[in-house]
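Visitor: I would like to go through this model one feature at a time, with the cut-offs stated along the way. Shall we begin with a single side chain and widen the view from there?

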Amino acid sequence: MAEYTKNEAMGWARENLRGQWTTLMTPFTSDDEFDEQGMRSNIQHIRALGTQGAGCTWGMGEFWSLTLEERMRVFDVVADEAGGEWPIAAHVTHTSYKDMIALAKHAEEIGFDLLICAAPYFVTKTEEQVVDWMRVLADNTNLAIMYYNSPQFGIVMSAQGLGQICSIPNVVGVKEASFNQELSIEAHQLLGRDAIISTPDEWIMFKGRELGFEQQVMFANTSDWRFDRPGKNYYNQFIDKAMRGDLDDEFYDKHVRPIKAVSDKWWASTVQKANGALPAPLCKYWGEVMGMAGGHVRQPHINLSDAEKAELKSEVEAALDQI
């Protein structure tokens, strides 16, 4: 539970946004309802892996398919399960500023530590609009905010535009998920001293070592619970060491690279199949392979076929046997 004032947001973030943060899926039952018990079980599983914090109803959490009431119910369950002892972030992006503010206020009231917000897709076509939008959110919450820079929301901010967003007092940084490596590097180099910039993939850490910058948090991805098992939390170990400045190539090659190769292959093919949409169907079924609750993705997203599931399961299990 956040225990900082609005003016202390950056200090809180510097201290607490560290290590591996996860992205929670939103599990559904067979009759297409939010699987509350499944979410609780998933959180317990992920916390046991050593993950430092979590975000909910993000792109992978299918926020776009949830009603406002469902999004708030997910918040309730996540906050209850975290119990004020595990840092949590709420995704509040919406096309309605009233609903965005309602989500933010609900998250703040029930004990979330942090908000994440992206551009309000559809009519937002200029960087100035995005900056103004983020000011609206910041003016209506005391919580720290991370901006989510992703093409999934219809506009990708430049490094200079991200700088304008980060100049808003309680915006503490950026999840730079543009899939544009040059932009991620530029954002780190231009803004990384004054804001928390996080690109959610390991390549950025190796590039940072080469170019002289570091990333303090993996904010956030699904790799922890897709790659790690109880007693074999190698991805979490690798990220924790790397975020402290110890980028262990040998450890990565032995304990992470085999399963990451499977992930990269399936990630690319699933995104291509969906013409660019984030691969929530892949991650949901992968979670099931790891013993977690998942279920289907809601329309109009495309679920994996039975043949794809069988092939993925075989490849994941073979890679896990190697590490």
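Visitor: Does Phe-179 count as buried or exposed?
Guide: The relative accessibility of Phe-179 is 58%. Buried stands for under 20% relative accessible area, exposed for over 50% and partly exposed for what lies in between, computed with a 1.4 Å probe on protein chains only. With its value of 58%, Phe-179 therefore counts as exposed.

Visitor: What kind of model is this?
Guide: Residues are numbered from 1 along each chain as its sequence is written, and side-chain values use heavy atoms, with hydrogens and water left out. Local features need pLDDT of at least 70, side-chain atom pairs count only at pLDDT 80 or more, and totals for chains, interfaces and linings use all residues; the model is predicted.

Visitor: What phi does Phe-179 have?
Guide: Phe-179 sits in the loop between E6 and H7, where helices (H or I, at least four residues) and strands (E, at least two) are DSSP runs numbered from the N terminus. Phe-179 is a residue other than glycine, yet its phi is positive, near 65°.

Visitor: How much space lies in the largest pocket?
Guide: Phe-179 is again involved, for Ala-177, Phe-179, Pro-200, Asp-201 and Trp-267 are the closest to the centre of the largest pocket among its 28 lining residues. On a 1 Å grid over the protein atoms alone, a pocket is an open set of points with protein on both sides within 12 Å along at least five of seven lines, a cavity is a set where a 1.4 Å probe fits but cannot get out, and lining residues have an atom within 4 Å of a point. Grid points are joined across faces, edges and corners, and a volume is the space filled by probe spheres set on the points. On that basis the space in the largest pocket is about 600 Å³.

Visitor: Which element gives the most to the lining of the largest pocket?
Guide: At least two lining residues each come from strand E6 (171–176), helix H7 (181–191), strand E8 (217–221), helix H9 (223–227) and helix H12 (257–273). By class the lining has 11 nonpolar, 11 polar and 6 charged residues, where Ala, Val, Leu, Ile, Met, Phe, Trp, Tyr, Cys and Pro count as nonpolar, Asp, Glu, Lys and Arg as charged, and the others, Gly among them, as polar. With 5 residues, the element that gives the most is H12.

Visitor: How much space lies in the second largest pocket?
Guide: The lining of the second largest pocket divides into 9 nonpolar, 4 polar and no charged residues. The space in the second largest pocket is about 300 Å³.

Visitor: With which residues is Gly-276 in contact, leaving aside its neighbours within four places in sequence?
Guide: Gly-276 lies in the loop between H12 and helix H13 (280–289) and is partly exposed, at 35% relative accessible area. Its C-alpha atom is separated by 8.2 Å from that of Gln-152, 124 residues apart along the chain. Taking contact as heavy atoms within 4.5 Å, the residues that Gly-276 meets beyond those neighbours are Gln-152 and Val-271.

Visitor: What is omega for the peptide bond that joins Phe-219 and Ala-220?
Guide: Phe-219 is one of the residues that touch the most other members of the largest nonpolar core, which has 80 residues; such a core is a set of buried Ala, Val, Leu, Ile, Met, Phe, Trp, Tyr and Cys residues joined through side-chain atoms within 4.5 Å. The bond between Phe-219 and Ala-220 is cis, with omega about -5°.

Visitor: Which helix gives the most to the lining of the largest cavity?
Guide: The whole structure holds 1 cavity of 30 Å³ or more, lined by Leu-24, Met-25, Met-39, Asn-42, Ile-46, Trp-225 and Met-292. With 3 residues, the helix that gives the most is H2.

Visitor: What radius of gyration does the protein have?
Guide: The protein has 14 helices and 8 strands, and buried residues make up 57% of its 323 residues. The radius of gyration is taken over C-alpha atoms, and the globule rule is 2.2 Å times the number of residues to the power 0.38. A compact globule with 323 residues would be near 20 Å, and the protein agrees with this at 18 Å.
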